[in-house]
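Dear colleague,

Please find the structure below, followed by a short account of what was found in it.

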Amino acid sequence: MTNLQGAVVLVVGASGGLGSRIADQLESKGAIVARSSRSAGHDLREPSVIRQVLEATNSEHGRLDGLVVASGVVAFGPASELEAATVDELFAVNTTSAIQLISQSQPYLATSAEDGREPFVVTLSGVVAETPVAGVAAYSASKAGLAAFVVAAAREYRRAGIRLVDARPGHTGTSLSEHPIAGSAPRFGEPLDPDHVAARIVTAIVDGEKDLPSTAF
Ligand SMILES: NC(=O)c1ccc[n+]([C@@H]2O[C@H](COP(=O)([O-])OP(=O)(O)OC[C@H]3O[C@@H](n4cnc5c(N)ncnc54)[C@H](OP(=O)(O)O)[C@@H]3O)[C@@H](O)[C@H]2O)c1
């Protein structure tokens, strides 16, 4: 069991449908949540923002015990019609910035482990990382890249007492697909309830789970 009482958790993408719910639920379990989002001035396509957000959280709260990467963008449309700028933004936000957040948070989280806490990182790649989908090929690729990084990095971080968990829910009823950076969303089946998805992720944090495949939702 991971005790969230007094744990300092940075939630990136905290203005989003899932990030806001995860942040609220972590707070309800006693965590001290630092919320970061683009609308609060933190554009993750700026590499310096990642260091700033981590340093600001650590200097305000004195440590970092958890990181939830709930930021992301989606794009729809045929693979043959992808604009280079769309691919760049998908990978910058969904893959590169998430990897940088995990990489640069390691020293803070390692200190948390040395202090006897149970630090963790949660990413949200999604079911497309397991089963890439036609019409969202670049989004699928950006998420598969993140998921692969987490699997490998988790083995390294475990040695420092840090747990990495990738969550791969299916289509969830937030507004993500209503504001794509390109294209427009196809008809989806019945979405997952975002409250349920957020609660499942917070349960996994508390229970010390090591992976959240699509079947967990
Ligand atoms: N909804 C789904 O069906 C689903 C399924 C599986 C996985 N996921 C993944 O779960 C995560 C959260 O999705 P969601 O449904 O909560 O989407 P959402 O409501 O659209 O939230 C996306 C979040 O990402 C932030 N963001 C986007 N571009 C950014 C940038 N350049 N710099 C910093 N922040 C940026 C947004 O910030 P602002 O609002 O401030 O711009 C917002 O907080 C995403 O990674 C998504 O791919 C979603």
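The exposed residues Pro47 and Ser59 sit on the face of α2 that is turned away from its buried side. Here exposed means over 50% relative accessible area, buried under 20%, and partly exposed in between (1.4 Å probe, protein chains only). This is a predicted model, in which local features need pLDDT of at least 70 and side-chain atom pairs count only at pLDDT 80 or more, while totals for chains, interfaces and linings use all residues. Residues are numbered from 1 along each chain as its sequence is written, and side-chain values use heavy atoms, with hydrogens and water left out.

Helices (H or I, at least four residues) and strands (E, at least two) are DSSP runs, numbered from the N terminus. The buried residues of α2 are Val49, Ile50, Val53, Leu54 and Thr57. They lie on the same side of α2, because they cover an arc of only 130 degrees around the axis, taken from the directions from the helix axis to the C-beta atoms. These buried residues pack against β1, β2 (32-36) and α3 (84-114), contact meaning heavy atoms within 4.5 Å. After α2 comes Gly62, with a positive phi near 85 degrees.

A nonpolar core is a set of buried Ala, Val, Leu, Ile, Met, Phe, Trp, Tyr and Cys residues joined through side-chain atoms within 4.5 Å. The largest has 27 residues, and Leu4, Val9 and Ile201 are among those with the most contacts inside it. Its largest share, seven residues, comes from α5. Apart from this core lies another of 25 residues, including Val49 and Leu54.

Yours sincerely
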